[in-house]
Amino acid sequence: MSTLRSFAEAVIRRLPERLQPMVRWRFIKFGVVGASGTVVNLAVLYLAQEFLFNWIADFHDRLNYSIALAITVATISNFYWNRRLTWRDRKHEVHHSALFLFSKYVMAAGLAIVLQSLLTKWLALYMHYLLANVLAIVLSSVCNFVANDRMTFRRRRAKIATDSAAHPPPADVHDKP
């Protein structure tokens, strides 16, 4: 375990200094939420594929519906827990309704959702659909984190105290020292 930790720390040290704290803590929280979302995704995918949509004869058509449902349920779960845990410190900076934030979350994660869906379908041609889904989730999670950190839960830039401090007004020509 210490070898893995040493390796991870070495990789983190190579990142720009500004990103290091984010990767250490926020990405770990994101990973925990993502792991719980993976369990939700797999459970819904299995239940939908084997029971809920078992009336659909074609495996791939059934898989399309099952993947859509699994991703939807997991996305709702991940949004809830990421808002409560991963980006909790930025909650005061975001003054929008939960529905508006969820819309931004889905848009930010849209690329990852499409990537996960396409990868699952493609990998399912070569391996069991559950294993294909796990691999697709892992590959798309980095894209999902960056998009949500930069778009949905982004930190507001601190305003400069006053514009006059940055650009003082010109001295009055009539003022004498």
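Student: How many aromatic pairs does the count come to?

Tutor: The count comes to 15 aromatic pairs, where the rings of Phe, Tyr and Trp (its six-membered ring) pair if their centres lie within 6.5 Å, with planes under 30 degrees apart counted as stacked, over 60 as edge-to-face and the rest as tilted. Phe 30 sits in helix α2 (residues 20-52) and Phe 145 in helix α5 (residues 129-152), 115 residues apart, and the pair links distant parts of the chain.

Student: What sort of model is this, and which pLDDT is needed?

Tutor: The model is predicted, so to speak of local features needs pLDDT of at least 70 and side-chain atom pairs count only at pLDDT 80 or more, whereas totals for chains, interfaces and linings use all residues. Residues are numbered from 1 along each chain as its sequence is written, and side-chain values use heavy atoms, with hydrogens and water left out.

Student: Back to that pair: are Phe 30 and Phe 145 buried or exposed?

Tutor: Both Phe 30 and Phe 145 are buried, where buried means under 20% relative accessible area, exposed means over 50% and partly exposed lies in between (1.4 Å probe, protein chains only).

Student: And what about Phe 79 and Phe 153, what kind of pair do they form?

Tutor: Phe 79 and Phe 153 form a stacked pair, with 6.4 Å from centre to centre and 25° between the planes. This pair also links distant parts of the chain, with Phe 79 in helix α3 (residues 59-86) and Phe 153 in the loop between α5 and α6 (163-166), 74 residues apart. Phe 79 is buried because its relative accessible area is 8%, and Phe 153 counts as buried because its own value is 3%.

Student: Which residues form one aromatic cluster?

Tutor: The cluster is made up of Phe 27, Phe 30, Phe 79, Trp 87, Phe 102, Tyr 105, Phe 145 and Phe 153.

Student: New topic: how many helices and strands does the chain have?

Tutor: There are 6 helices and 0 strands, taken as DSSP runs numbered from the N terminus (helices H or I with at least four residues, strands E with at least two), and along the sequence the pattern reads α-α-α-α-α-α. Of the 177 residues in the chain, buried residues make up 32%.

Student: Where does α5 bend?

Tutor: α5 bends by about 35° at Ser 140, the bend being the angle between axes fitted to the seven residues ending there and the seven starting there. The end C-alpha atoms of α5, a helix of 24 residues, are only 30 Å apart, short of the 34 Å that a straight helix would reach, with the expected span taken as 1.5 Å times one less than the number of residues. Ser 140 is itself one of the buried residues of α5, which also include Tyr 129, Ala 132 and Phe 145.

Student: And where does α4 bend?

Tutor: Helix α4 (residues 98-123) bends by about 50° at Ala 109, and Ala 109 is among the buried residues of α4, as are Leu 101, Tyr 105 and Leu 123.

Student: Which residues make up the largest nonpolar core?

Tutor: The largest nonpolar core has 10 residues in all, namely Val 44, Leu 45, Leu 63, Ile 67, Ala 70, Ile 71, Leu 123, Ala 124, Tyr 129 and Ala 132. α2, α3 and α5 each supply at least two residues of this core, and α3 gives the most, with 4 residues. Apart from this core lies another, of 7 residues, among them Leu 101, Tyr 105, Phe 145 and Phe 153. A nonpolar core here is a set of buried Ala, Val, Leu, Ile, Met, Phe, Trp, Tyr and Cys residues joined through side-chain atoms within 4.5 Å.

Student: What does Leu 63 touch?

Tutor: Not counting residues up to four places away in sequence, Leu 63 touches Leu 45, Gln 49, Lys 121, Ala 124 and Tyr 129, where contact means heavy atoms within 4.5 Å. Leu 63 is found in helix α3, and it counts as buried because its relative accessible area is 0%.

Student: Is Val 40 buried or partly exposed?

Tutor: Val 40, which lies in helix α2, is partly exposed because its relative accessible area is 25%. Leaving aside neighbours within four places in sequence, Val 40 is in contact with Val 73, Ala 74 and Ser 77, and the C-alpha atoms of Val 40 and Ala 74 are 5.7 Å apart although the two are 34 residues apart in sequence.
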